[in-house]
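Please read the following points with the sequence and the model open beside you.

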Amino acid sequence: MFAIERQRMIKKLLQENDHVSVAELSCCLNVSEVTIRRDLEKLEGERFLMRTHGGAVLLDSAGNAPLPEREAGQFPELHGSSGDIAALAAQMAPDAGVIYLGSGPASDAVVPLLSQKQDLIVLTCSLPMAAALYRLRNLRVIIPGGTVLPSGLIYGNSVQETLETMHIGTAFIEADGFNARGFTARDQDFCALVRSIGRISDNVVFLCTAEAYGHISFFNIGDLTLADSIITTAEIDDSFKEACADRHIRLYTTYSL
């Protein structure tokens, strides 16, 4: 099948379903996932779709991606899906106000779900995240000036100084590891940034994949009290639930969504 035929099929499937996954398209069209990603990149350049983590969503005539058609609190069981962590996070984001959005698979999945938010300002210290957010013309994206690290993180003394002049409503942050003792990450600068973001935020929400639960990375971000809420797809044991309850942390898990 030629590329133009594949892309015509992808358009047809998107118009019928609003969302497609790379794995499904690869199976349906009998080509590799690498080939599908190239097709999606081409169609994204035509402003027909927006690529998401593991797939793509259809853009409307204004170039926006639709929100999922489900009410707050009506979330299916997650089964390790970053997409459903993102769906709840997007519900927490206000139509007007300021949020911080970090980086990671769940954070990436939040981006298209912000397409219909109005008067929302998004602060990020991730260069790849800023590029993704910029495609949503309804948002105002702010990047504090600083050094761009190899990971894409923007950080340095100037970032710290800028953050001290700001106020954030809700901050969405991903950690590489979490347990009853707290949150950890692979990058020391990232840990310092998270602590700075926490100090200027009214509400800190940690987005935690199942893989992060029980994992301990090299650097310590801080204890559980850094979080006001935790959204996770992990099977949480009773001791962790009790630790969150003792600290008045709202815990959203597979079983409570």
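1. Arg37 forms a salt bridge with Glu33, with 3.5 Å between the closest N and O atoms; a salt bridge here is a side-chain nitrogen of Lys or Arg within 4 Å of a carboxyl oxygen of Asp or Glu. Both residues lie in helix H3 (residues 33-45), where they are 4 residues apart, about one turn of the helix. Arg37 counts as partly exposed at 43% relative accessibility, and Glu33 counts as partly exposed at 33%; buried means under 20% relative accessible area, exposed over 50%, and partly exposed in between, with a 1.4 Å probe and protein chains only.

2. This is a predicted model, in which local features need pLDDT of at least 70 and side-chain atom pairs count only at pLDDT 80 or more, while totals for chains, interfaces and linings use all residues. Residues are numbered from 1 along each chain as its sequence is written, and side-chain values use heavy atoms, with hydrogens and water left out.

3. The structure holds 7 salt bridges, and one of them joins the side chains of Lys12 and Glu16 at 2.7 Å, N to O. Lys12 and Glu16 are separated by about one helical turn because they are 4 residues apart in helix H1 (residues 3-17); helices (H or I, at least four residues) and strands (E, at least two) are DSSP runs, numbered from the N terminus. Lys12 is partly exposed, with a relative accessible area of 45%, and Glu16 is also partly exposed, at 49%.

4. What does the salt bridge between Asp176 and Arg186 tie together? The two side chains meet at 3.4 Å, N to O. Asp176 lies in the loop between strand S9 (168-174) and S10, and Arg186 in the loop between S11 and H8, so the pair ties together parts that are 10 residues apart in sequence. Asp176 counts as partly exposed at 25% relative accessibility, whereas Arg186 is exposed, with a relative accessible area of 62%. Elsewhere, salt bridges that share partners join Lys11, Lys42 and Glu46 into one network.

5. An open sheet of 3 strands has the order S10-S11-S13 and antiparallel pairing, where two strands pair if DSSP finds at least two bridges between them. Its edge strands are S10 (177-179) and S13 (219-222), each of which pairs on one side only, and the twist averages 30° from one strand to the next. Helix H8 (residues 188-199) packs on the sheet, touching S11 and S13 (contact means heavy atoms within 4.5 Å), and its direction makes about 5° with that of S13; axes are lines fitted to C-alpha atoms, for helices over the stretch in contact, and angles run from 0 to 180 degrees between N-to-C directions. S10 and S11 (residues 182-185) pair in the antiparallel sense over 3 bridges, and Gly177 stands opposite Thr184 in S11.

6. Asp84 is found in helix H4 (residues 82-92). Is Asp84 buried or exposed? Asp84 is buried, with a relative accessible area of 10%. Asp84 and Ala106 are 22 residues apart in sequence, and their C-alpha atoms are 8.4 Å apart in space.

7. A further point concerns Leu127, which lies in helix H6 (residues 127-134) and is partly exposed, with a relative accessible area of 40%.
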